[in-house]
Amino acid sequence: MTLDEDERERLQRERNRAYLEYLKEHAVQTRPGSREHAQSQTSVRRHSSRLPVVLALLIIPAFIVAGIVVLEVTGYRIPATYGSYETEAQETLSHDFPIWEDVTSTIARSSVYVYPIDGNTEWKSSGVVFDADGHIVTNYHVVRALDGLEMGVVFASEVAYYVDLIGRDIETDLAVVRINTETLPYLHPAERASASSLQIGQPVAAMGTPRNLPFSLTTGVISGIDKPHYGSFEPEGSDESIGVYFPVIQTDASINPGNSGSGWFDGDGKLIGITTGGKTTDQQGSVGTDFAIPVDLVEKIANRIIEYGFVEHVTLDADLEYGAIEIDRVWQKGAQLSNVSEGGVASSNELADGDIILSIGDKRVTNARQLEAQLKYYFLGECTLITYVHSEEIHEKSLCF
């Protein structure tokens with residue numbers, strides 16, 4: 001008897017369905033070496049006598065659906081790691097690679113270069129239009145280098161303006177200047193994304209003034225999120241640098257001298273960060289490890305500078321160091337407190353010497369540097385949730401500054 005084409009397709013679908021059900025029943029989804037994995041392997045061996053029959057009947061459908069079955073049964077999931085902070089596993093998302101020429105004009109309209117009006121005409125750096133009131137965000141170390149000099153900014157249209165310094169923050173390497181003119185031009189402030197939605201591997205573009213080449217575009221991918229970055233800067237009126245930690249995004253895009261203060265943008269042309277210092281080799285060029293202050297932190301710091309002219313950061317009024325303790329056979333790592341000052345923030349929140357902070361807000365911390373960096377998000381009068389270890393037990397509480 002000869003089967004027609006429809007009948008053959010129907011039988012093939014039935015074989016595929018039967019094979020899929022078999023794999024769903026016996027698929028191993030546990031980690032090798034675990035108890036569940038051993039049990040499932042035993043179960044597979046117990047039913048191994050059936051396997052030759054199944055394979056004999058369904059060998060062709062097996063090859064047809066094998067690729068699909070892996071995705072159907074186990075799913076395709078990877079753990080999302082933001083810097084060194086591990087979060088719950090997230091399903092992979094498919095992103096269309098951005099067509100940068102479609103958003104370059106948008107990026108350029110909100111970008112400027114910063115220069116000394118009466119100084120070295122070969123010295124240029126970068127900035128981003130923050131709002132329609134003429135405020136422009138750049139780096140602390142950019143305006144620090146121009147102390148005592150009049151500053152100007154130039155737009156992609158080649159129109160130039162004097163700017164006044166509004167304020168700066170050494171602890172996050174941010175500064176705000178404002179266009180000095182009686183009649184403000186029509187500005188195109190950078191539309192801002194949210195740093196919380198960023199993913200490692202996501203495409204990124206930066207526009208700045210590398211090596212005195214204004215409005216140069218460079219592209220790459222995000223290679224790290226929420227990294228604790230160490231910056232060394234000179235305070236006003238001092239030639240001695242101080243070191244600070246603040247959170248950054250990392251990229252492999254080519255960031256060179258002159259890109260300082262430039263904006264990083266996503267595939268929709270939305271601002272995701274402001275360039276800060278990177279890892280270069282004798283200032284000869286990028287080595288693929290460069291950093292930006294996340295846009296959420298930029299927004300908080302810039303608004304504070306615009307309102308008050310300065311930023312006052314919080315501390316815990318205690319020394320921080322790496323701490324680890326084993327609880328229920330799991331090692332808990334974090335930032336351990338010592339020398340807690342009486343009447344300070346930690347003491348007022350009933351934290352004591354030896355307590356280990358494991359997370360702050362929605363960010364996990366596994367060492368003192370990460371906690372110090374995350375504290376840059378908070379101001380006096382604000383509260384956030386922390387988890388911490390006290391007397392070998394994990395607790396959760398509200399921390400108020």
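Cysteine 383 and cysteine 400 are joined by a disulfide, with an S to S distance of 2.1 Å. The model is predicted, and the structure holds 1 disulfide.

The link of cysteine 383 and cysteine 400 is right-handed, with 110 degrees about the S-S bond. Because cysteine 383 belongs to strand β19 (residues 383-390) and cysteine 400 to strand β20 (residues 393-400), the pair ties together parts that are 17 residues apart in sequence. A disulfide is a covalent bond between the sulfur atoms of two cysteines.

Aromatic rings are the next topic. The count of aromatic pairs comes to 8. One aromatic cluster is formed by Tyr113, Tyr115 and Phe215.

Two arginines are placed over phenylalanine rings, as listed here.

| Arginine | Ring | Distance from ring centre |
|---|---|---|
| Arginine 192 | Phenylalanine 130 | 4.2 Å |
| Arginine 304 | Phenylalanine 379 | 4.2 Å |

Arginine 192 lies over the face of phenylalanine 130. In the other case, the charged end of arginine 304 sits over the ring of phenylalanine 379.

Technical notes
Residues numbered from 1 in each chain as written. Predicted model: local features only at pLDDT ≥ 70, side-chain atom pairs only at ≥ 80, totals over all residues. Heavy atoms only, no water. Disulfide = S-S within 2.5 Å. Helix = DSSP H or I, 4+ residues; strand = E, 2+ residues; numbered from the N terminus. Phe/Tyr/Trp six-rings, centres within 6.5 Å; stacked < 30°, edge-to-face > 60°. Lys NZ or Arg CZ within 6 Å of the ring centre and 35° of its normal.
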